[in-house]
Structures are given as structure tokens and as C-alpha cells.
Amino acid sequence: MDSPDTANPVRAPAQTTRDDTILPFAVKALDLRGRIVRLGPAVDTILSSHDYPPPVAKLLGEAIVLTAMLGSALKFEGRFILQTQTDGPVRMLVVDFTSPGKVRACARFDADRVAAAIAAKEAQPGKLLGHGHLAMTIDQGADMSRYQGLVQLEGGDLEQAAHEYFLRSEQIPTRVKLAVAEEFRSGNGARRHWRAGGILLQFLPNSIERARQADLDPGDAPPGTTVHAMPEDKAWVEGRSLVETVDDIELLDTDLSSERLAYRLFHERGVHVFQPTPIEAQCSCSRHNVENMLKSFSEQDRADMVEDGCITVTCEFCSSTYVFEPDEIAAPSAAAS
């Protein structure tokens, strides 16, 4: 009997793009793995549910793309949370990714400082973030410990922060490119729609020697100490150089599919694509959850929340509003008495 054909199937890359997907790929000849993210309705739903100034919305969109790229690598059901805390006009970004593909996000910012930055033409991502830190948290569930990595933000953007994180926390050569923009659609109810995209590439050789990285800056070593250096692997130099040629429009263009982008970059070496993961914007809030949260407060705290005879709670992530009569959320003991 003839042996079965176990070769990888070869086909032309898809012509049309699939929005709200993450496409994993591998370039085995160069020991490279990566992911391409394309977001349309998902990112538009999140950003359009808030009245963010455009530079803030763009910055949050980049955080959503980065979180989706990293969170989709989880091999278990859990959450990946990206959060910034800084002294800049945008004080906080929070993106919550629940595997395999649900995402929600919000931003906190100083409206006056953001308006001033826009007026001064200084609303670039790094200036909006300022100085502080970015935390990446992996939550494996109630019975498992959390893992958290931190990286300093020192006036740089999220791409730079991601590179620094992988250099210091994972020691994996990594390149990330993020793109967010608005597109205008004409017709009835015409308005601007947000799109976002990104690509992540990592060098993951099987050889221990090829995976070896230079020691990190010793920091408190005596003055004059020579910093350890190692030449970059030629395969990584080639892959990194190719990814650095990607333009924002290539990550956002609806006429260029993720598969064709991967093929455009790596066809000479041979690129394998895997099953894409769908992404959707979905908040975990509900009337039931908000009610239970309110019941956890003291009676006095709940009384302080009453305005115009009601307690109103608005979700920071999706802007859904829940209105309760005070009697609805009375503690069980109080209601019984």
C-alpha cells in the first residue's frame, strides 16, 4: 500500500480579507512564528461606544490589537489583561481578552490635557502615555495563580513597550507593528468607522545555541564594564527586516487579506498559515452581575449612590447603563426585616 501523503497542502493565498480574525503563521526555513490581526466591527464597536477624542481612540485601538495578538497565544481558557498606568494625559488603558476570542477595553484620560496636546500637535502615543508602567497579566482561573509581567513606559509607544517586554521578560527576539485608523463610509447614516491591524513576529529556533541572547545591561556593574553583545542570527535579521517594511495601509487594507500579506512578506522562504481565530467585542457586564456588585457594598455606601431616587451604574467598558430602585438591591437581612 502506498504511504499516505503527509506533505503540507499548497494553495494560493485567499484574496479577500476576513475582519475580526487572528491568523497564525510560520516560516519554518527561518524559525519564525507570528500572527496577523485584522479588526473591523470588533474594534469599531468598542471605540464607537465611547466619545473618545480620536488620538485616545487610536491609542486604545493599538492596545486592543496588541492584547489580541498576545492573548490569542493562550493554550487554555483564561484571560489576558493589558493595563497601563501613567502620568500622561491618558492615565490608564485597560484591555481584557478572554480566550479564545472575546475582547473589551476602555480608557481613562484627562480631557483638558488631551485637548491641549491636540492643540499643540503633541498627541502622539508616547506623549499621551507619558511615564509609568505597562502590566500584562495572565489569569488562568480562580484555582490558579496569576502571572504578571511589567515594563516601564518612558515616553515611548506601545510597540516599543512590547519589544522591551519580550526582551526583558521572555528574552525572545520579537517585532510588533500596530496600525489604527478611521475610514468613512458613505450612504444612509454615514459615519466614520474604526479599523485596526497588526503583525507580530518572533524568532523561535530549536537550537539552544541559536536561541541564546546577550545578557541584559548589568545596571549596577562597575563603570567601564563591557556590555555583553552577541551577533543577531541571520535568519532573524532577515525576518525582522521584512516585517519592518510593512506599512500601516497593508495592515488596514480590506483588499489585502492576511494570507496575502504573509505571502507577500515570506513567499520566497515558504510560509505556512494556520486556522484563523475569530475575535468579537463582548463585555462581561450584565444586570445580574451589577446587582450582585452593588449588594456587596454597605447600606450606607448604597445610600450615598442614590441620585434622583435611583442608583445608576454605567459600565466603563461598553457604556451600558443599569438603573436600580434602592429597594431592588437591599441586603437580604434588611429586606426580611
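Rings of Phe, Tyr and Trp (its six-membered ring) are taken as a pair if their centres lie within 6.5 Å. In the predicted model examined here, 4 aromatic pairs are counted by this rule. One of them joins Tyr52 and Phe109 in an edge-to-face arrangement, with 6.0 Å from centre to centre and an angle of 70° between the planes. This pair connects distant parts of the chain, since 57 residues separate Tyr52, in the loop between α1 (41-48) and α2 (54-71), from Phe109, in strand β5 (residues 102-109). Tyr52 counts as buried because its relative accessibility is 11%, under the limit of 20%. Phe109 counts as partly exposed because its relative accessibility is 21%.

Another edge-to-face pair is formed by Tyr165 and Phe166, with a centre-to-centre distance of 5.3 Å and planes at 80°. Tyr165 is buried, at a relative accessible area of 5%, and Phe166 is buried at 6%.

Charged side chains are also placed over aromatic rings. Arg104 lies over the face of Phe317, 3.9 Å from the ring centre. The charged end of Arg287 sits over the ring of Phe324, at 4.2 Å from the centre of that ring.

For the chain as a whole, the secondary structure consists of 12 helices and 14 strands. Of the 337 residues, 41% are buried. Among contacts with a separation of 6 or more, 63% are between residues 24 or more positions apart. The accessible surface of the chain is about 18500 Å², and carbon and sulfur atoms contribute 49% of this area.

How values were computed
Residues numbered from 1 in each chain as written. Heavy atoms only, no water. Helix = DSSP H or I, 4+ residues; strand = E, 2+ residues; numbered from the N terminus. Buried < 20%, exposed > 50% of the residue type's maximum accessible area, 1.4 Å probe, protein only. Contact = heavy atoms within 4.5 Å. Areas by Shrake-Rupley, 256 points an atom, 1.4 Å probe, with all protein chains shown as cover. Phe/Tyr/Trp six-rings, centres within 6.5 Å; stacked < 30°, edge-to-face > 60°. Lys NZ or Arg CZ within 6 Å of the ring centre and 35° of its normal.
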